[in-house]
Amino acid sequence: MFSKLVKLLVIAVISAAMLAGCGQNKGSTTQSSTNTGQKDNFTIVTSFYPMYISTINVTKGIPGVEVVNMTKPQTGCLHDYQLTPEDLKTLEKANAFVINGAGMEAFLDKTIKQQPQLKIIDASKNIELLKDESGEENPHVWVSVSNAILQIQNIAEQLAAVDTKNAAQYKNNAAEYVKKLEALRDTMHKSLDGTKNKDIITFHEAFPYFAKEFNLNIVSVIEREPGSEPSPAELEATINTIKKSHIKALFAEPQYSSKAAQTIAQETGAKVYTLDPAVTGEAKSDAYDAYIRIMENNLKILQEALQ
Ligand SMILES: [Zn+2]
C-alpha cells in the first residue's frame with residue numbers, strides 16, 4: 001500500500017517536471033546571464049529583433065537579468081503584427097517591455113489596455129522622427145547608427161529607473177556598446193562621405209534615417225506598403241524614374257521578395273543589391289555584434305554599388 005503511494009507520487013512529480021520543461025521558451029528567444037531561478041530575477045521582454053540586440057548589449061553579464069524576445073528573430077518589422085496568445089503570456093511575465101516606439105508596435109494601445117501595469121521602455125523617446133509624403137512618422141529609427149546610439153541610451157536610462165539595483169551596470173554596458181557604434185559610424189562616414197554617386201532606390205521605407213545620416217539620396221521606394229507587391233502603375237513610375245535618372249543600383253532587402261526589384265532591373269539594366277535594415281537575424285549567444293556586422297556588410301555593398 002505504502003510503496004504504491006510512493007510510486008504514484010514519483011510519477012506525479014516526474015510528469016509535473018516534464019510539463020514545466022516543455023513550456024519553457026517556446027517560440028521566443030531567451031538570453032539569460034545566470035538562470036538561477038531566484039525570485040529577484042528581472043525579466044525584460046523585447047518587441048522585435050533590433051530591440052533584442054540593443055537590450056542584450058545593455059544587460060550583458062548582469063546576474064539575474066533575463067532578456068526574452070517576444071517575436072521570432074526572423075519576424076521583421078511589426079507594421080501589421082497581431083499579438084498571439086503566446087505573446088500575451090510572455091508579456092505577463094515581463095518586468096519591463098522594450099519597444100522601438102515611433103508607431104512600430106501597432107498593437108501597443110491594445111496591449112496597454114490589457115496590461116496597464118506593464119512597464120514600457122520606449123527606445124525612441126525624444127528622438128526626432130522623419131515623416132513621409134503623407135505626413136506619417138517613419139518608425140525605422142534604428143537603421144541610422146546615430147539613432148541606434150540614442151536608442152541604447154534611452155533603453156539603459158529607462159531600465160535603470162525601473163531596476164535601480166542594476167542601474168550602474170546598465171549605464172556602463174550602454175557606454176561600452178555606444179563606443180563600438182561610434183567607431184562603426186566613423187568607419188562608414190570615412191568610406192561614404194567621399195562617394196560622388198549618392199542616389200539610391202530602396203525597397204520599403206526602412207532607409208530614410210540611414211540615408212539622412214550618410215547623405216544618400218533616396219530617389220524612389222519600390223514597395224510603399226510593407227508586405228505588398230507594388231501595383232503595375234507604381235512599378236512603371238519607378239522604371240521611368242530610373243531610366244530618367246540613370247541610376248545603376250537598386251537595393252532590395254533580405255526580408256522581402258525581390259521579385260519587383262528583379263522586374264525593374266530587367267527593364268532598366270540596373271543591378272539589384274541587398275541592403276539589410278538590421279531587422280532580422282540569428283539570436284545566438286554571439287548576437288551581441290549582429291547590428292554592427294550587418295552595417296559593416298551594408299557598407300561593403302554600398303562601396304561596390306556606388307563606386
Ligand atoms: Zn518596416
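**Figure 1. I53, a buried residue of helix α2.** With a relative accessible area of 3%, I53 is buried in this predicted model, and its place is in helix α2. Who does I53 touch once its neighbours within four places in sequence are set aside? The partners are Y177, A287, Y288, A290 and Y291. I53 counts as buried because its 3% relative accessible area falls under the 20% cut-off.

**Figure 2. Where helix α2 meets helix α6.** On the α2 side the residues involved are I53, N57 and V58; on the α6 side they are Q169, Y170, N173 and Y177. Sorted by type, the residues of this contact come out as four nonpolar, three polar and no charged.

**Figure 3. Helix α6 from end to end.** This helix runs for 26 residues, and its first and last C-alpha atoms are 37 Å apart, close to the 38 Å expected at 1.5 Å a residue. Which residues of α6 are buried? The list is A167, Y170, N173, A174, Y177, V178, L181, L184, M188, S191 and L192.

Figure 4. Carry on past the helix and you reach T195, which sits in the loop between α6 and β6. Is T195 buried or exposed? It is buried, at a relative accessible area of 16%. The C-alpha atom of T195 is 10.0 Å from that of N215, and the two residues are 20 apart along the chain.

**Figure 5. T202 and its contacts.** T202 belongs to strand β6 (residues 199-202). Its relative accessible area is 1%, so T202 is buried. Which residues does T202 contact, leaving aside those within four places in sequence? They are F207, I218, S220, V221, I222 and F251.

**Figure 6. V98 in strand β4.** V98 is found in strand β4 and is buried, with a relative accessible area of 0%. Beyond four places in sequence, V98 is in contact with I44, V45, T46, S47, M51, T55, I121 and I155. How far is the C-alpha atom of V98 from that of V67? The separation is 9.8 Å, for two residues 31 apart along the chain.

Figure 7. Most residues other than glycine have a negative phi. A102 is not a glycine, yet its phi is positive, about 55°. A102 lies in the loop between β4 (96-99) and α4 (108-114), and it counts as buried at 16% relative accessibility. N215, likewise not a glycine, also has a positive phi of about 55°. Its loop is the one between α7 and β7 (217-221). Is N215 buried or exposed? N215 is exposed, with a relative accessible area of 52%.

Figure 8. Stepping back, the chain has ten helices and nine strands. Of its 307 residues, 49% count as buried. Among contacts between residues at least 6 apart in sequence, 68% join residues at least 24 apart. The accessible surface comes to about 16,000 Å², with 52% of that belonging to carbon and sulfur atoms. On confidence, the pLDDT averages 87 over the chain, and 86% of the residues score at least 70. Residues 8-28 stay under 50, and the model gives them eight contacts beyond four places in sequence. Residues 33-37 are also below 50, with nine contacts beyond near neighbours in sequence.

Key
Residues are numbered from 1 along each chain as its sequence is written. This is a predicted model: local features need pLDDT of at least 70, side-chain atom pairs count only at pLDDT 80 or more; totals for chains, interfaces and linings use all residues. Side-chain values use heavy atoms; hydrogens and water are left out. Helices (H or I, at least four residues) and strands (E, at least two) are DSSP runs, numbered from the N terminus. Buried means under 20% relative accessible area, exposed over 50%, partly exposed in between (1.4 Å probe, protein chains only). Contact means heavy atoms within 4.5 Å. Ala, Val, Leu, Ile, Met, Phe, Trp, Tyr, Cys and Pro count as nonpolar, Asp, Glu, Lys and Arg as charged, and the others, Gly among them, as polar. The expected span of a helix is 1.5 Å times one less than its number of residues. Accessible areas come from the Shrake-Rupley method with a 1.4 Å probe; for residues, only the protein chains shown count as cover. pLDDT is the predictor's confidence in each residue, from 0 to 100.
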